[in-house]
Amino acid sequence: MREAGSAVVVTGAGAGIGRAVADHLTALGTEVIRLDRDAREGVRAFDVRDESAWDALSHEGVVGLVHAAGIRQRSPLAETSIESFDAVIDTNVRGTFLALRWAARRPHGAPPLSVVTLSSAVVDRLPEGQLPYNASKAAINVLTRGAARELAPRGIRVNAIAPGSILTAMTEDGWADDAHAARMRSEIPVARPGTPEEVASAAAFLLSEASSYMTGSVLTVDGGWTL
């Protein structure tokens, strides 16, 4: 999908959507720089909340960034600790801000860059029991659109994907509960959860020249959940 020698950085590449994106891009012949909170084979340890880690990340040879790292913590509002709130905001919002600032600091004269952030369909559905997570994803939409406007003159495109309920470690407990699964199937027109691979296909599209006239978009991949 890209010329030889070019690379795409993927954060959150150790599991879930991030890993699916990295695997999908690799299968397309793209060089992938896999970053995750914990190091493992083929994956470099990287804390998206760490300003110095982003400052040290090279732009050389990079033509794309998929910022998929994120966390969710569930609890009713009255029982949500400030520590839980801070953890979600630090990872999801601060991490996305630092990713976008890294893109904005791309050396002048470097090749065009496509950035994909991970929002969520929860911005429209607002499920209960995860208010900090919902708020963090709304903030990502604003960060994405603002960065897209500011960076477009420099050949940097910034788009977001808003997945619905995707079958990952974050959602598998819910889908294993018969009552929850039945309710979700009744709410989702296609009547099933999505797969990480389906989100990965959308990310590959936003990285490619096929989406060259798109920036500042939030691409919904939710089986119709937000209709």
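Helices (H or I, at least four residues) and strands (E, at least two) are DSSP runs, numbered from the N terminus.

I am working with a predicted model, where local features need pLDDT of at least 70 and side-chain atom pairs count only at pLDDT 80 or more, while totals for chains, interfaces and linings use all residues. Residues are numbered from 1 along each chain as its sequence is written, and side-chain values use heavy atoms, with hydrogens and water left out.

**The sheet.** I traced an open sheet of 7 strands with parallel pairing, in the order β3-β2-β1-β4-β5-β6-β7. β3 (44-45) and β7 are the edge strands, each pairing on one side only. I then looked up β1 (residues 7-11) and found 4 bridges to the parallel β2 (residues 31-36). Ala7 has Glu31 in β2 as its bridge partner.

**Helix α5.** What packs on this sheet? α5 does, touching β5, β6 and β7, with its direction at about 160 degrees to that of β6. For that angle, axes are lines fitted to C-alpha atoms, for helices over the stretch in contact, and angles run from 0 to 180 degrees between N-to-C directions. Contact means heavy atoms within 4.5 Å. The buried residues of α5 include Tyr133, Lys137, Ile140 and Leu151; buried means under 20% relative accessible area, exposed over 50%, partly exposed in between (1.4 Å probe, protein chains only). Their cover includes α3, β5 (113-118), α4 (122-125), β6 (156-163) and β7 (218-221).

**Thr96.** I next went to α3 (residues 82-104), where Thr96 is found. Is Thr96 buried or exposed? Thr96 is buried, because its relative accessible area is 2%. Leaving aside neighbours within four places in sequence, I noted Thr96 in contact with His67, Thr91, Thr117, Ile140 and Leu143. The C-alpha atoms of Thr96 and Ile140 are 6.8 Å apart, though 44 residues separate them along the chain.

**Two positive phi values.** Leu126 has phi near 50 degrees and sits in the loop between α4 and α5. Leu126 is exposed, with a relative accessible area of 52%. Ala191 has a positive phi of about 65 degrees, in the loop between α7 (178-187) and α8 (196-207). Ala191 is partly exposed, at 35% relative accessible area.

How values were computed. Pairing = 2+ DSSP bridges.
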